[in-house]
Amino acid sequence: MINRRKFLVKSATALAITFVVPSIISNKAHAKKPLAEKVSDKQSWGIHIDTSKCIDGCTACVDACNEENGLTGFGRPETDSQWIRKVTVKSNTTDKITTMPLMCQHCENPPCCDVCPTGASFKRIDGIVMVNQHTCIGCRYCMMACPFKARSFVHETLTQQNTNAPRGKGCVESCNLCVNRIDHGSETTACEDACNNLGHSAITFGDLNDKNSKISLAMNSNNPRRLRNDLNLDQKVFYSNI
Amino acid sequence: MNYTLEKLKTCRYLYWGTFLFLGFLVLLGLASSAYMEHEGHYVTGMNNQIVWGLPHIFAVTLIVIASGVLNIASMSSAFDKKLYKPLAPLSALFAIAFLVSGLIILVLDLGRPDRLIVAMTTYNFKSIFAWNIFLYSGFFVILSIYIWTMLDFNVSKFSSVVGKLAFGWRIILTTGTGSIFGFLVAREAYSTAVLAPLFIIMSLLYGTAVFYLLLRIISKMQNITIPSEITVNIRKLIIIFLLANIYFLILYHITNLYISKQIAIEKFILLDGGGYTTMFWLGQVGFGLLIPLFFELTNKDNRDFPLTLTSIMVIVGGFFAVAVIIIGGQAFPLNIFPDHTIIESSFFDNNIHGYTPSIYEFGLGIGGTSLALIIILILITNLKFIPAKK
Ligand code: SF4
Ligand code: SF4
């Protein structure tokens with residue numbers, strides 16, 4: 001834990017020094033919370049997705065994620081990174097069709113972290129699962145282990161990256177719940193904002209520990225469930241109405 | 001048996017020819033890896049769907065062979081079979097060479113091979129991968145000591161103890177290698193306990209085949225004949241290991257068929273997986289197990305030629321077996337939504353993933369394999385490894 005915290009504090013400090021005024025690091029970052037404040041287990045971040053509100057053909061969340069994290073592709077869909085994707089499924093029993101975004105499910109017992117030889121894949125105490133881009137050796141064992149295919153390997157040299165989302169060729173990456181925004185005090189992720197802006201409101205981000213948070217309220221009324229509950233991974237991403 | 005150990009005394013041209021040829025392939029492997037690292041892995045056939053490819057097939061096969069070739073030495077040290085005692089040093093040398101080359105391929109295929117030092121110093125003890133790094137380094141150290149006790153008369157009294165240690169270690173090591181796959185909870189192809197014994201028996205089979213082949217080549221170069229007891233015995237071993245391999249393979253697939261959620265992947269490998277099904281039936285089962293078994297059962301007078309052919313086929317079949325396990329297991333889409341069918345996804349969630357390896361991955365694999373052979377060539381030329389009658 002100490003190492004993870006140190007890593008985060010270090011990276012945060014580096015960013016702060018580079019940009020002097022933290023609030024201009026990114027126009028999407030909200031400086032409500034001082035960056036030096038430690039990550040704590042008081043929060044448990046999660047996402048709820050109400051699939052009944054998700055629109056077939058809409059990719060606003062995907063586009064927003066790509067922009068937030070600088071995921072410009074190379075026109076090679078098999079090797080380009082996708083932190084969030086849209087999938088459409090059909091029930092084998094009722095033929096019901098559901099469309100929804102799929103990303104890292106932020107498992108409480110993450111197989112990706114269990115298998116990572118260097119500990120580069122780690123879970124913060126607030127539940128965010130992410131990859132330390134300084135210690136990932138690019139073995140891709142975590143990609144083999146993830147039951148949701150949530151991870152991407154950076155297959156090409158990157159240029160003009162976003163400063164708020166460090167990435168690197170030869171390392172693995174995945175959705176980190178907009179950790180940079182959250183650590184700056186934001187209460188929304190880029191995908192949630194984009195979905196809300198279009199008036200769909202299918203994605204709700206928030207603190208699962210807070211009974212009155214918007215995510216807790218959304219979960220109460222929606223009978224949410226986890227994907228592949230049989231694997232006992234206790235993910236922090238929930239789906240309703242599949 | 002009264003014997004001494006000798007260096008390789010082959011004609012200079014043959015030595016240098018082999019050396020240069022293998023050296024060239026090693027350089028080619030290095031160049032391939034440098035190119036993949038420089039450009040990024042998009043130039044390979046691997047992608048976000050098939051994340052482990054040809055380099056991993058080569059590496060796993062070599063590591064499995066490394067543990068298996070030691071079998072010859074184990075039979076002399078752990079089971080006190082005098083027949084194999086003169087061959088024990090060679091057997092241990094082969095083990096080291098294959099282990100090193102398998103590991104080097106793995107490292108050179110990493111996204112960040114330059115961070116090897118991170119891998120060697122930062123461990124996540126929950127990871128079986130990290131444990132394997134220990135198992136491999138330990139194996140290397142034990143084997144080196146073992147070879148030393150066999151080559152240096154002053155310490156030879158320890159050789160039996162170290163040999164037994166090496167024997168135990170290699171069983172754990174192969175189990176560890178098999179477990180790399182066993183820990184992938186969501187990949188149906190890998191989630192049966194039978195995978196570990198299957199890997200052990202595969203290592204025994206491939207290792208014995210490789211040992212016999214190399215022994216044949218070395219005896220040709222050295223102009224000596226392999227004693228017939230050895231050939232008789234190796235043929236017997238190969239038949240036993242072939243039968244055991246077939247048994248565990250059947251057991252593995254039957255176990256999978258019993259677990260209802262694994263039926264789909266079984267159907268995929270055994271029936272309708274296209275190239276993967278062909279690789280399984282023709283490559284792994286036919287070419288690698290059944291035809292060799294037929295050859296050896298009919299080879300009643302222990303002739304060298306069928307045994308050589310068998311060994312080659314077993315190794316090629318073994319390569320296919322590892323390919324079916326590694327690539328087949330990834331090609332089958334993950335079951336993210338049980339009771340649902342994925343009808344659309346930008347990330348290929350609903351497709352059987354194809355994999356066409358690039359020339360660079362092949363180059364790296366061949367280069368790595370050549371590295372094993374060149375290590376062997378250099379060491380048997382400079383140190384006394386080859387048995388000769390007194
Ligand atoms: S969804 Fe995959 S990448 Fe995300 S925490 Fe779980 S195992 Fe790890
Ligand atoms: S690719 Fe990186 S994050 Fe994933 S298991 Fe390997 S070292 Fe860990």
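**Close-up 1. The crossing of helices α2(B) and α13(B) is right-handed in this predicted model.** The contact draws on L54(B), P55(B), F58(B) and L62(B) from α2(B), which meet E361(B), F362(B), L364(B), G365(B), I366(B), G368(B) and T369(B) from α13(B). Sorted by class, the contact of α2(B) with α13(B) holds seven nonpolar, three polar and one charged residues. As for the geometry, α2 of chain B spans residues 54-69 and α13 of chain B spans residues 359-382, and the two pack at an angle of about 20° with their axes 8 Å apart. Angles under 35 degrees count as roughly parallel, and α2(B) and α13(B) are therefore roughly parallel to each other.

**Close-up 2. Helices α8(B) and α12(B) pack with their axes 9 Å apart.** Here α8 covers residues 195-222 of chain B and α12 covers residues 304-331 of chain B, with an angle of about 140° between them. The pair α8(B) and α12(B) is therefore oblique. The crossing in which α8(B) passes α12(B) is left-handed. On the α8(B) side, the contact is made by F199(B), M202(B), L205(B), Y206(B), A209(B), V210(B), Y212(B), L213(B) and R216(B). Facing them from α12(B) are residues including D304(B), F305(B), L307(B), I315(B), G318(B) and I325(B). In the contact of α8(B) with α12(B), 16 residues are nonpolar, three polar and two charged.

**Close-up 3. Chain B meets chain A through 55 residues of chain B and 56 residues of chain A.** Between them, chain B and chain A bury about 4800 Å², and carbon and sulfur atoms give 57% of that area. Three residues to look for are N48(B), F337(B) and F347(B): they supply 14% of the area that chain B buries against chain A, more than any other three residues.

**Close-up 4. Ligand 1 has residues of chain A around it.** Cysteines around ligand 1 include C104(A), C107(A), C112(A) and C146(A). Prolines are found here too, among them P110(A), P111(A) and P147(A). Also around ligand 1 are Q105(A), H106(A), V129(A), F148(A) and R151(A). By class, this shell around ligand 1 comprises nine nonpolar, two polar and one charged residues.

**Close-up 5. Ligand 2 has 13 residues around it.** Those that come nearest to ligand 2 are C116(A), C136(A), C139(A), R140(A) and C142(A). The shell around ligand 2 divides into nine nonpolar, three polar and one charged residues.

Technical notes:
Residues are numbered from 1 along each chain as its sequence is written. Chains are lettered from A and ligands numbered from 1 in the order in which they are written. This is a predicted model: local features need pLDDT of at least 70, side-chain atom pairs count only at pLDDT 80 or more; totals for chains, interfaces and linings use all residues. Side-chain values use heavy atoms; hydrogens and water are left out. A residue is near a molecule or strand if one of its heavy atoms lies within 4 Å of it. Ala, Val, Leu, Ile, Met, Phe, Trp, Tyr, Cys and Pro count as nonpolar, Asp, Glu, Lys and Arg as charged, and the others, Gly among them, as polar. Axes are lines fitted to C-alpha atoms, for helices over the stretch in contact, and angles run from 0 to 180 degrees between N-to-C directions. Helices (H or I, at least four residues) and strands (E, at least two) are DSSP runs, numbered from the N terminus. Angles under 35 degrees count as roughly parallel, over 145 as roughly antiparallel, 65 to 115 as roughly perpendicular and the rest as oblique. A crossing is left-handed if the near helix is turned anticlockwise from the far one by less than a right angle, and right-handed if clockwise. Contact means heavy atoms within 4.5 Å. Buried area is the accessible area (1.4 Å probe) that two parts lose on being put together, summed over both.
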